[in-house]
Amino acid sequence: MAQDLQNISQAKVAGGWHKQYTHHSDSLNVSTRFAIFLPPNANASNPVPVVYWLSGLTCTDENFMQKAGAFKKAAELGIAIVAPDTSPRGEGVADDEGYDLGQGAGFYLNATQAPWDKHYRMYDYITQELPEVIEANFPVTSVRSISGHSMGGHGAITIGIKNPHSYRSISAFSPITHPMQCPWGQKAFSAYLGSDVEQWKQYDSCELLRTNNVNLPILVDQGDADNFLTEQLKPELLVEAAKEYDTDLELRMQPGYDHSYYFISSFIDQHLEFHAAYLKQ
């Protein structure tokens with residue numbers, strides 16, 4: 001896998017290493033980039049578990065790695081972090097003038113509609129190709145958890161629910177919980193998946209919780225001063241859906257916090273500790 005894997009940057013941090021790589025993705029049909037943090041105890045004789053982080057609209061692998069302040073805690077816990085890009089990019093990759101569709105807005109699904117279906121297969125990339133690349137080239141195990149923010153929170157929850165044997169735990173900051181019922185999701189799903197709303201349900205956290213007996217623990221943090229809270233995020237609907245199957249979901253409303261990385265950096269240590277409890281069982 002990923003014979004063309006190229007290290008394009010690296011920096012020592014918290015005793016470990018942050019590195020960026022590019023490689024050709026068969027899923028995305030284009031070259032893509034990811035970043036990985038390896039804690040100081042990670043080596044061939046001591047592979048470590050991984051938290052996969054999915055970022056939100058307009059982001060790349062760099063937003064989380066540069067702004068979340070996660071390295072010290074991840075080093076302490078002995079956990080690797082992998083952050084892919086949020087969509088395919090490059091010449092010939094379909095795009096849109098809006099920030100909420102196209103490059104930077106892949107929504108972690110497999111597009112079925114032209115022109116998006118040629119490259120926009122982030123679901124396959126995150127669930128299959130990327131873990132294969134990571135596990136073949138770095139001192140990590142196949143023990144994984146998944147987390148994300150906003151659009152990436154949507155991705156983390158839906159991917160975790162649909163692949164319960166691949167992850168130990170799920171967490172999210174400010175996730176788009178019910179994309180079928182919010183403007184961001186409706187715009188993206190219409191473009192990527194077409195007009196058949198039955199197809200949309202396979203990428204909607206609330207719909208998936210209602211139809212799947214989810215046995216993974218889920219932690220969600222949401223700021224009550226988030227300006228997207230009412231129109232786009234709707235966390236109360238996620239709680240309602242979780243109750244139908246008695247899902248192990250905890251929603252923590254955090255007073256005064258907004259949608260930014262100031263919020264994420266305030267609680268990322270708790271999320272890493274949450275995942276570590278399950279990754280190391």
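Predicted model: local features only at pLDDT ≥ 70, side-chain atom pairs only at ≥ 80, totals over all residues.
1. Start with the overall build. The protein chain has ten helices and nine strands. Its C-alpha atoms fill a box of roughly 50 × 40 × 35 Å along the principal axes. For 281 residues, a compact globule would have a radius of gyration near 19 Å, and the 17 Å of the protein chain agrees with that.

2. Of the 281 residues, 59% count as buried. The protein chain exposes about 11200 Å², with carbon and sulfur atoms supplying 45% of that area. Among contacts with a separation of 6 or more, 71% come from residues 24 or more positions apart.

3. A quick word on charge. There are 19 positive and 33 negative side chains in the protein chain. The centres of these two sets lie 6 Å apart.

4. Now the aromatic rings. The count comes to 18 aromatic pairs. One to look at is F274 with Y278, an edge-to-face pair with 5.4 Å centre to centre and 65° between the planes. The two residues sit four apart in helix 10 (residues 261-279), so about one helical turn separates them.

5. Y278, at 24% relative accessibility, counts as partly exposed.

6. Finally, look for a cluster of rings. W53, F64, F173, Y257, F263 and F267 are linked into one by ring pairs.

Terms used: Residues numbered from 1 in each chain as written. Heavy atoms only, no water. Rg over C-alpha atoms; globule rule 2.2 N^0.38 Å. Buried < 20%, exposed > 50% of the residue type's maximum accessible area, 1.4 Å probe, protein only. Contact = heavy atoms within 4.5 Å. Areas by Shrake-Rupley, 256 points an atom, 1.4 Å probe, with all protein chains shown as cover. Lys, Arg positive; Asp, Glu negative; His and termini not counted. Charge placed at Lys NZ, Arg CZ, Asp CG, Glu CD. Phe/Tyr/Trp six-rings, centres within 6.5 Å; stacked < 30°, edge-to-face > 60°.
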